Amino acid sequence: MYLSESELRSHYESIFPNLQGSQYIIKSPLDAGYNCIAWAADDDNLWWWPTDHYTPGVYWPAKAPRDASLDSFVAMYSICCEYEECNNPDYELEFEKIALYSRDGKTVTHAAKQVNEKYWWSKLGKGNDIWHTLDALSGPNEAYGKVGKIMRRRRRSVG
Amino acid sequence: MKTLPAEKFRHTSHSKLSELLSAFEDYDTVPSPSDWIKDDVPSQGGQQPFFFRFHLPVEPESQGNLHDETVEAVSQFQCTETELEQRFNDFVEKWHKDTFLEASITAALTHPAYYGIIGLGERVIPLILHELEQRPDHWFVALTALTQEDPSNPGDGFDAAVQAWLQWGRERNLLK
């Protein structure tokens, strides 16, 4: 799809109705080289997803379970990035947080990482990075469902 | 019960697929066409025909009826470059539209439009390379399926894999 920013915004808002009027910010150009799962792990040069076979351009940590369940992704982020599950998405200065979304409560559809008190940072598929509120990507149909897990790790440096 | 005379279809490179399909309907022991495994076919005489080759998977109990090895049935579609490019572009746009916001690479690489592009055969390799150059995306699996090659290296990032395939295309004059 070759779309202008306004066309992209219209497309995003048609898929994610909660984005409308939510003051989300587009932060990067389109890029099919990495996805939300990678971005939550601070990688912008590989597409992270569990596959059965070697797939060029796609990465999955070797010791992580190779399926798309929430539990397996929790294990993966624990193995790769030292995140651990937590109960609240509130901003805490001493912790970095990520959110995993699911439509059915079992299978991961999306991941986002927290920026500050207001925004979370998502890579939208092959599209842009955006800053958005946590529930802005929630919803039925092609939206990402709802937040199923929150994870956190101690921030390595503050300020 | 009528069984498939395998030899009849081993050298049918100029048959039309519709004729082949209707011929198969006369036999009782041929697997459903939906169960066939599609493969590519080498170029002939410098031409790049628009081929479909189907391997009929032979079940152990049916081997005696069919053949002592996989039966091949080959058919050929001919279409113009313009028609091919139109089909390719239609599949590409459908694929982008349906998978643009997907995190799952599995969903993208198993989308019917992606299979459709692979099914267009080796003539689309230059079109895929051009698309990869203009709008980098996960074309590596399709290119490997069509060429039986993989110039990227394990551990390459996305950008390195893209560059490896573009270099592969330039070396073969497949990329203008």
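Helices are DSSP runs of H or I with at least four residues, numbered from the N terminus. The model is predicted, so I kept local features at pLDDT of at least 70 and side-chain atom pairs at pLDDT 80 or more, with totals for chains, interfaces and linings over all residues. Residues count from 1 along each chain as written, chains are lettered from A in written order, and side-chain values use heavy atoms without hydrogens or water.

Pocket. I took a pocket as an open set of points on a 1 Å grid over the protein atoms alone, where a 1.4 Å probe fits, with protein on both sides within 12 Å along at least five of seven lines; lining residues have an atom within 4 Å of a point. The largest pocket holds about 350 Å³, the space filled by probe spheres set on the points. I found 15 lining residues, with His53(A), Thr55(A), Leu109(B), Thr110(B) and Val141(B) nearest the centre. In chain B, helix 3 (105–109), helix 4 (112–119) and helix 6 (140–147) each supply at least two lining residues; helix 3 gives the most, three.

Helix 4 of chain B. Six of its eight residues are buried, so the rest of the structure largely encloses this helix; buried means under 20% relative accessible area with a 1.4 Å probe, protein chains only. Ile117(B) and Ile118(B) are among them.

Interface. I noted 28 residues of chain B in contact with 30 of chain A (heavy atoms within 4.5 Å). The one salt bridge between the chains (side-chain nitrogen of Lys or Arg within 4 Å of a carboxyl oxygen of Asp or Glu) joins Asp137(B) to Lys126(A), closest N and O atoms 3.2 Å apart.

Conventions
Buried means under 20% relative accessible area, exposed over 50%, partly exposed in between (1.4 Å probe, protein chains only).
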